[in-house]
Amino acid sequence: MTAEHQHKLTRRALVAGAAAGSVALAAEPASAQRCPAEPPTRVKGPAVWLDMDQQDIDEAYDNDVYAFNAKSINDRRVYNNQIARDLLEKPQRVAYGPTEIEKLDIYKTRRANAPVLVFIHGGSWRGGRADQFTVYAEPYVKAGAHFVVLDFNNVGETNGDIFPMVEQCRRAVAWVYRNAASFGANPNEIYLISRSSGSHLSSCVLITEWEKQGLPRDLVKGAVLGSGMYDLKPVRLSKRSSFVKFTDAMEQELSAMRHIGRINAPLVVAHGTLETPEFQRQARDFAKALEAAGKPVKLVVARGYNHYEVGETIGHPYAVLGRAAFEMMKLA
Amino acid sequence: MTERPSEQFNRRTLIAGTALGAVALASAPASAQRCPAVPPPRTKGPLVWLDLDQHELDEAYDQSVYAFNQQHITDRRNERNEVALKVIGKPDRVAYGAAEIERVDIYKTSRANAPVMIYLHGGAWRNGRSALNAYLAEPFVKAGAHFINVEFNNVGETNGDIAPMVDQCRRAVAWVHRNAAGFGGDSNALYLSGHSSGGHLAGCVVITEWEKLSLPRDVLKGALLGSGMYDLKPVRLSARSSYVKFTDAVEQALSAQRHIDKLHTPLVLVHGTLETPEFQRQTRDFHAALRAAGKPATLIVAKGHNHFELGESLGNPYGVMGRAAFEMMKLATGA
């Protein structure tokens with residue numbers, strides 16, 4: 001991505017982005033973190049998506065295949081999460097909707113009228129709960145921003161339907177806007193951060209037609225989207241359709257790539273060089289389409305990071321996603 | 001390992017230390033990050049150290065065997081260095097000794113009379129340069145501490161001798177103490193950190209008899225040692241002796257664990273659960289020996305971290321080593 005459409009981002013972000021190799025860095029072989037690095041040879045079947053056969057695409061939407069250390073990273077998150085939970089005050093847990101799960105955890109900063117970062121978790125749409133992510137809250141709370149973690153249903157609880165999850169995330173963000181003052185937040189400084197399937201959901205939040213609900217179109221002032229999916233067609237063709245009941249309507253309405261005209265926030269779109277071929281391509285193509293449409297976007301290509309390692313940097317003010325969020329929100 | 005309160009550290013450190021599972025956490029299988037996870041079967045040879053045969057001992061001192069993603073972490077670090085240098089600017093590079101290599105890189109903070117973190121890089125004694133670790137400086141500088149990367153010879157440049165490297169690190173610390181005021185540092189708030197072979201060197205620095213150099217015994221107010229080696233005997237028995245010329249004198253003088261009585265600095269020792277068996281044991285045993293001698297020491301066992309991931313965490317105030325350093329130096333993060 002070139003710098004021409006990035007006027008809403010700060011100069012430091014641009015400098016950092018350039019240094020981060022976001023300018024036309026060739027992708028590394030995505031097999032770098034497979035174990036064994038060279039999968040056994042096999043006869044390739046008919047291509048089902050781009051140059052991929054069924055096994056290729058199934059693997060391209062299975063991050064564990066390309067991130068040998070997935071379990072170690074999860075152990076690390078659990079461990080660091082416990083440390084953060086021991087240090088931070090308990091979040092305020094508030095309902096944004098009527099069902100039991102429709103709650104959000106607010107980690108409050110001490111600063112008055114502070115900006116808010118809303119986090120939408122990942123987990124292939126089928127895993128993840130708000131209390132697992134205190135670890136990401138700490139840097140923001142300490143730097144003077146509220147951090148809000150959304151709880152919403154997993155796809156196993158919605159009969160395979162992603163629509164209700166998107167709808168929950170939209171209602172939660174609208175709740176934050178309407179109720180910001182109640183917890184010391186500035187409703188005009190709401191930002192989003194997410195990773196993996198959470199970035200798919202975030203991108204759907206970003207294409208919400210807020211004006212139809214009497215809310216400002218630019219309700220969200222910026223978003224950092226790590227390792228997401230922005231067109232569901234190839235996902236539908238992959239084995240993820242064994243647990244997501246994709247329909248034509250879902251594919252069409254929940255592919256943010258197809259609704260770029262409705263995006264009214266500057267975006268940072270990031271992926272790691274060690275992610276699967278599809279997770280690299282999804283981010284690259286989305287950034288390209290945004291740029292072509294004249295939308296402010298910065299593509300960050302994080303060298304040496306796999307899918308889970310990119311996500312881990314949400315809690316790291318000096319690395320990929322955390323740095324981008326700090327710069328976007330002008331946190332010191 | 002049991003935790004006894006050590007008054008040199010604040011309550012948060014202790015809470016964190018407990019939460020960290022420092023209390024009797026069983027080590028995760030160190031093979032967890034080998035690729036393939038289960039090495040091919042082979043006939044075990046005679047034991048050369050504890051229950052390890054030569055092959056196992058060699059592997060236990062070869063990080064690449066247990067950390068398949070070493071190169072990726074290096075790639076990450078190189079990229080972060082570039083970003084960090086653009087944000088915080090180039091360091092002042094100042095001589096602490098006569099040789100060309102004897103320089104310190106000072107990354108200055110804007111706070112007056114600020115505490116100083118001195119960092120000794122790792123690299124199995126044979127790799128590494130101060131400039132490769134610029135990224136570690138940024139969080140410290142922003143939080144109000146100076147960060148100093150020490151440049152010293154690699155063992156390939158000293159004819160296989162580690163002693164001159166230790167001597168360089170000691171002289172660098174003495175230089176910082178004497179010259180702190182000149183760059184806005186508080187000579188009474190000097191801290192040390194090191195990782196891997198830098199953890200070994202830092203172990204040697206904290207057992208320096210500073211009084212013989214007319215310096216206060218507690219010239220270092222705290223030290224954070226990550227993934228280090230504190231007894232050189234098993235290292236000497238390993239493949240590392242192909243490039244380090246170990247002698248009885250080197251082994252004895254530069255095994256910090258054998259000189260615990262000379263220690264006047266509170267230590268925080270860290271290892272990851274995914275490190276090699278020996279790198280886990282070295283830290284565990286050093287900590288046990290320090291506690292037995294009544295010296296202030298905290299052990300942090302970092303779950304889910306391999307050798308290099310642990311070192312990387314020094315550059316994150318919310319990561320294992322960064323958090324420990326900030327607490328040791330009483331640095332505040334953010335507002």
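A:S124 sits in the loop between β3 (114-120) and α5 (134-143) of chain A, where helices (H or I, at least four residues) and strands (E, at least two) are DSSP runs numbered from the N terminus. Although A:S124 is not a glycine, its phi is positive, at about 55°. Most residues other than glycine have a negative phi. This is a predicted model, in which local features need pLDDT of at least 70, side-chain atom pairs count only at pLDDT 80 or more, and totals for chains, interfaces and linings use all residues. Residues are numbered from 1 along each chain as its sequence is written, chains are lettered from A and ligands numbered from 1 in the order in which they are written, and side-chain values use heavy atoms, leaving out hydrogens and water.

A:S227 belongs to the loop between β6 and α8 (233-237) of chain A. With a relative accessible area of 1%, A:S227 is buried; buried means under 20% relative accessible area, exposed over 50%, and partly exposed in between (1.4 Å probe, protein chains only). A positive phi, near 55°, also turns up at A:K330, which follows α12(A). That helix, α12 (residues 320-328) of chain A, has nine of its nine residues buried, so it is largely enclosed by the rest of the structure. Among the buried residues of α12(A) are A:R323, A:F326 and A:E327.

On to chain A as a whole. It has twelve helices and eight strands, and 62% of its 332 residues count as buried. Contact means heavy atoms within 4.5 Å. Of the contacts in chain A between residues at least 6 apart in sequence, 76% join residues at least 24 apart.

The strands of chain A make an open sheet of eight, in the order β1-β2-β4-β3-β5-β6-β7-β8, with mixed pairing; two strands pair if DSSP finds at least two bridges between them. At its edges are β1 (92-95) and β8 (297-302) of chain A, each pairing on one side only. From one strand to the next, the twist averages 20°. β3(A) and strand β4 (residues 146-150) of chain A run parallel, joined by four bridges, and A:V116 stands opposite A:H146 in β4(A). Helix α5(A) packs on this sheet, touching β2 (103-107), β3, β4 and β5 of chain A, and its direction makes about 160° with that of β4(A). Such axes are lines fitted to C-alpha atoms, for helices over the stretch in contact, and angles run from 0 to 180 degrees between N-to-C directions.

Further along the sheet, six bridges join strand β5 (residues 185-195) of chain A to β6(A), and the two run parallel. Here A:I193 stands opposite A:V224 in β6(A). From β5(A) the chain crosses through helix α7 (residues 197-206) of chain A to β6(A), a right-handed β-α-β crossover: with the strands pointing away from the viewer, the path from the first strand over the helix to the second runs clockwise. Strand β6 (residues 220-226) of chain A is mostly covered, with six of its seven residues buried. Four bridges link β6(A) to strand β7 (residues 267-272) of chain A, again running parallel, and A:A223 has A:L267 as its bridge partner in β7(A).

A:L267 shows up again in the largest nonpolar core, of 65 residues, as one of those that touch the most other members, along with A:L104, A:W125, A:I162, A:V269 and A:F286. Helix α6 (residues 163-179) of chain A gives the most to this core, with eight residues. A second, separate core of 62 residues includes B:W49, B:I148, B:L201 and B:L263. A nonpolar core is a set of buried Ala, Val, Leu, Ile, Met, Phe, Trp, Tyr and Cys residues joined through side-chain atoms within 4.5 Å.

Chain B comes to twelve helices and ten strands, and buried residues make up 59% of its 335 residues. Its open sheet of eight strands has the order β3-β4-β6-β5-β7-β8-β9-β10, with mixed pairing. The edge strands are β3 (92-95) and β10 (297-302) of chain B.
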